[in-house]
Amino acid sequence: MAMGEFSMDLSEDQVTLRDWVHGFALEKMRPIAAEWDEREETPWPFIEEAAKIGIYGLEFMMSALADPTGLSLMVALEELAWGDAGLCMSLMGTSLGVAGIVANGTPEQQMEWVPQCYGTPDDVKLAAFCVSEPDAGSDVSSLRTRATYDEATDEWVLTGTKTWITNGGIANTHVVVASVDPALGARGQASFVVPEGTPGIRMGQKFKKMGIRASHTAEVVLEECRVPGRCLLGGKEKLDERLARAREGKRSSGQAAMATFEATRPAVGAQALGIARAAYEFALDYAKERKQFGRAIVENQAIAFKLANMKTSLDAARLLVWRAAWMAATRKTFTSGEGSMSKYFAGETAVRVTEDAIQILGGYGYVREYPVERWHRDAKIYTIFEGTSEIQRLIVARAISGVHIR
Ligand SMILES: Cc1cc2nc3c(=O)[nH]c(=O)nc-3n(C[C@H](O)[C@H](O)[C@H](O)COP(=O)(O)OP(=O)(O)OC[C@H]3O[C@@H](n4cnc5c(N)ncnc54)[C@H](O)[C@@H]3O)c2cc1C
């Protein structure tokens, strides 16, 4: 396409990717979704199959991220979540850890640790990103997990409890954000890789959840967990410089946890979108089939307008997600919290659209024989994790006003 021309068409490669992932979602995810929701366990056979087919793994991520428009990963994630959000998260939890390494690690650290996060199709591995704590959720500046440096052995010692961690304790690689200097708040934090087999890290309680139940969520307990100096992402020199600047009260270029979340928000929005689309499509088909008072229920404006609203917000959410992904990939400056906007709107859309779908199905929407109630349960997490809807609006509000809104 010539410079200056504008198109909203997906490229041939993107369409091929979308159709391939859609086929996987339809054939390999939809049929097992209800079972893994009920079992509430990590779906290992599914993850292994996804790795063999090439949908879970380093190569998949690398090729999706290599797309200069940023849309490929969004398109793929929408399809996976359309298949099932819990199964999708069982694949995508690892990428949170990977994003933590990519956001803060040196090129050498990325080369060393990222492949280990995924393993290989014959030896599949998982990663986890551990930020949240029992008393530090939205307020990530107040982390209590401490990292202290043992100069004698060139080791970092990590102690604290992380909670709500996707793949927590079952991951091979954990990326842990901890406070090196609590007096500095978020600016005193750093990220550490805890490699497989490190003593002193273990799973605490596993949570029973409302939705995305095929995805494992648990506490991670760190008890004098020692990692080599090279596991500090970004390196010690850079950290010392950053801490010195923070102590002098100078601005620093970034905060460990926030940098990661900013990059992953459109990807989270894309998943919410996939759930919303699943529910919308199902409800539309149902409304055309279901007859009451001698006509299809879709012939009633009350139902048809609901579907029109569902489709409108779904398309609007996709445009916001694609814009934010494109801005991130082309390194545009986010002036109005566009990443947050996309995640916020897509998450809220997923909750509303799945609820509308239940209403359109009536009693059939409320029972587990149909997938719609599950989609609603799955959708709700998208207004909570990776920054709640309130926090996303806080980011947008601060960006557009320049005022430190609380
Ligand atoms: C299934 C699941 C998976 C998760 N996976 C991970 C993971 O892999 N890694 C990880 O680190 N974390 C993970 N989380 C944690 C998640 O990111 C947090 O739950 C989330 O950030 C909210 O924190 P909180 O639960 O402590 O709620 P709180 O921060 O206590 O918030 C409670 C309520 O207060 C509101 N609130 C808080 N502060 C403000 C404010 N300033 N203005 C207005 N409203 C405010 C919130 O929006 C919310 O409605 C996961 C959570 C779940 C449930």
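**Labels and the values behind them**

Mentor: Ile 212 is found in the loop between β8 (201-206) and β9 (217-228). Helices (H or I, at least four residues) and strands (E, at least two) are DSSP runs, numbered from the N terminus. This is a predicted model, in which local features need pLDDT of at least 70, side-chain atom pairs count only at pLDDT 80 or more, and totals for chains, interfaces and linings use all residues. Residues are numbered from 1 along each chain as its sequence is written, and side-chain values use heavy atoms, with hydrogens and water left out.

Trainee: Why does Ile 212 count as buried?
Mentor: Buried means under 20% relative accessible area, exposed over 50%, and partly exposed in between, with a 1.4 Å probe and protein chains only. Ile 212 has 4% relative accessibility, so it counts as buried. Its phi is also worth a look: the angle is near 30°, a positive value in a residue other than glycine.

Trainee: Where is Arg 331, which also has a positive phi?
Mentor: Arg 331 sits in the loop between α9 and α10 (338-361), just after α9. Its phi is about 55°, although the residue is not a glycine.

Trainee: What makes Arg 331 exposed?
Mentor: Its relative accessibility is 75%, so Arg 331 counts as exposed. Glu 299, in the loop between β11 (295-296) and α9, is treated likewise: the value there is 57%, so Glu 299 counts as exposed.

Trainee: Where is the kink in α1 centred?
Mentor: The kink, of about 50°, is centred on Ala 33. The bend at a residue is the angle between axes fitted to the seven residues ending there and the seven starting there. Ala 33 is also one of the buried residues of α1, which include Leu 17, Phe 24 and Trp 36.

Trainee: What span does α9 have?
Mentor: Helix α9 (residues 301-329) has 29 residues and reaches 41 Å from its first C-alpha to its last, close to the 42 Å expected.

Trainee: Why is Gln 189 called buried?
Mentor: Gln 189, in strand β7 (residues 189-194), has a relative accessible area of 1%, so it is buried.

Trainee: What does the side chain of Gln 189 reach?
Mentor: It reaches the backbone oxygen of Val 140 at 2.6 Å. A polar contact is a pair of N or O atoms within 3.5 Å; within protein, one must be able to donate a hydrogen and the other to accept it, and residues adjacent in sequence count only if both atoms are side-chain atoms.

Trainee: Which residues around the ligand come nearest?
Mentor: Of the 19 residues around it, Ser 132, Ser 138, Trp 164, Thr 388 and Glu 390 come nearest; a residue is near a molecule if one of its heavy atoms lies within 4 Å of it. At least two residues of the shell come from each of β5 (155-166) and α13 (389-401).

Trainee: What makes Thr 166 buried?
Mentor: Thr 166, in strand β5, has a relative accessible area of 11%, so it is buried. Its C-alpha is 4.5 Å from that of Thr 217, 51 residues apart along the chain.

Note on methods. Expected span 1.5 Å × (residues − 1).
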